[in-house]
Amino acid sequence: ITVITLVLMSNIYSLVAPLPYSRPETFLDQYRLDKMIKFLAEKNIGFVNTGTDLAHRLVYESGEKVIAVPMQRDFTALRYPAYINLVESAPKVRRGFVFIKGRNSIQTETCKEDLRNQDGPCHEYLVDNKFLVYTFR
């Protein structure tokens with residue numbers, strides 16, 4: 001009974017006086033996607049390759065206006081094979097790559113070559129000072 005009382009008191013205390021880093025919203029605020037989704041809509045980009053940490057959130061938070069799949073084809077990507085097909089078969093002008101700034105970004109060889117030569121259809125954008133976006137328009 002003493003253990004149960006301590007657990008209950010701890011839970012009540014955490015509800016009354018939560019620490020700023022204990023709230024679930026704090027983690028999500030690090031990567032707000034509203035500006036990213038707006039940018040993709042303005043560029044008419046509806047199909048993106050990205051990291052596992054962003055793919056599902058982009059799809060969900062955009063209301064499936066952006067179909068995103070992880071670059072690495074692990075089990076999280078394979079959960080939705082139809083999404084993979086949609087992204088891979090989308091017209092090049094509607095496709096993009098989204099990465100968190102400062103992390104290793106993987107672009108296609110075409111995109112790397114375009115950026116290296118400063119020509120071609122691949123363009124790099126910095127969105128909300130957090131995300132690197134590569135598009136072919």
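Tutor: What follows is a set of questions about this structure, which is a predicted model, and each answer sets a value beside the rule it has to meet.

Student: What makes the sheet an open one with edges, and which strands stand there?

Tutor: The sheet is open and has 5 strands in the order S2-S1-S3-S5-S4, with mixed pairing. Strand S2 (67–70) and S4 stand at the edges, because each has a single partner strand and one side of each is therefore left without a neighbour in the sheet. From one strand to the next, the twist averages 25 degrees.

Student: How do you know that S4 and S5 are paired?

Tutor: Two strands count as paired if there are at least two bridges between them. S4 and S5 are joined over 5 bridges in the antiparallel sense, so they meet the rule of at least two. Among the positions concerned, Tyr125 has Val133 in S5 as its bridge partner, and Val127 stands opposite Phe131 in S5. S3 and S5 also run antiparallel and are joined by 5 bridges, with Phe97 standing opposite Tyr134 in S5.

Student: Why is S5 called largely enclosed?

Tutor: A residue is buried when its relative accessible area is under 20%. In S5, 5 of the 5 residues are buried, so the strand is largely enclosed by the rest of the structure. Phe131, Val133 and Thr135 point one way from S5, whereas Leu132 and Tyr134 point the other way. That arrangement can be set beside a general rule, which is that in a regular strand the side chains alternate between the two faces of the sheet.

Student: Why is Asn49 called buried?

Tutor: Asn49, which is found in strand S1, has a relative accessibility of 4%. Buried means under 20%, and so Asn49, at 4%, counts as buried. Leaving aside residues up to four places away in sequence, Asn49 touches Val69, Met71, Arg73, Val87, Arg95, Gly96, Phe97 and Val98.

Student: Why is Asn44 called partly exposed, while Asn129 counts as exposed?

Tutor: The limit for exposed is over 50%, and partly exposed lies between that limit and the one for buried, which is under 20%. Asn44 has a relative accessible area of 39%, so it is partly exposed, whereas Asn129, at 52%, counts as exposed. Asn44 is placed in the loop between helix H3 (34–42) and strand S1 (47–50), and Asn129 in the loop between strand S4 (123–127) and strand S5 (131–135). Asn44 has a positive phi near 60 degrees without being a glycine, and Asn129, which is not a glycine either, has a positive phi of about 55 degrees.

Student: How do you know that Asp128 and Lys35 meet in a salt bridge?

Tutor: The rule asks for a side-chain nitrogen of Lys or Arg within 4 Å of a carboxyl oxygen of Asp or Glu. For Asp128 and Lys35 the N to O distance is 3.5 Å, so the pair meets the rule of within 4 Å. Asp128 lies in the loop between S4 and S5 and Lys35 in helix H3, so the pair ties together parts that are 93 residues apart in sequence. Asp128 itself is partly exposed, because its relative accessibility is 24%.

Student: What makes Lys38 and Glu42 a salt bridge?

Tutor: The closest N and O atoms of Lys38 and Glu42 are 3.9 Å apart, and this pair therefore also meets the limit of within 4 Å. Lys38 and Glu42 are 4 residues apart in helix H3, so about one helical turn separates them, and both are exposed.

How values were computed:
Residues numbered from 1 in each chain as written. Predicted model: local features only at pLDDT ≥ 70, side-chain atom pairs only at ≥ 80, totals over all residues. Heavy atoms only, no water. Helix = DSSP H or I, 4+ residues; strand = E, 2+ residues; numbered from the N terminus. Buried < 20%, exposed > 50% of the residue type's maximum accessible area, 1.4 Å probe, protein only. Axes fitted to C-alpha atoms, helices over the stretch in contact; angles between N-to-C directions. Contact = heavy atoms within 4.5 Å.
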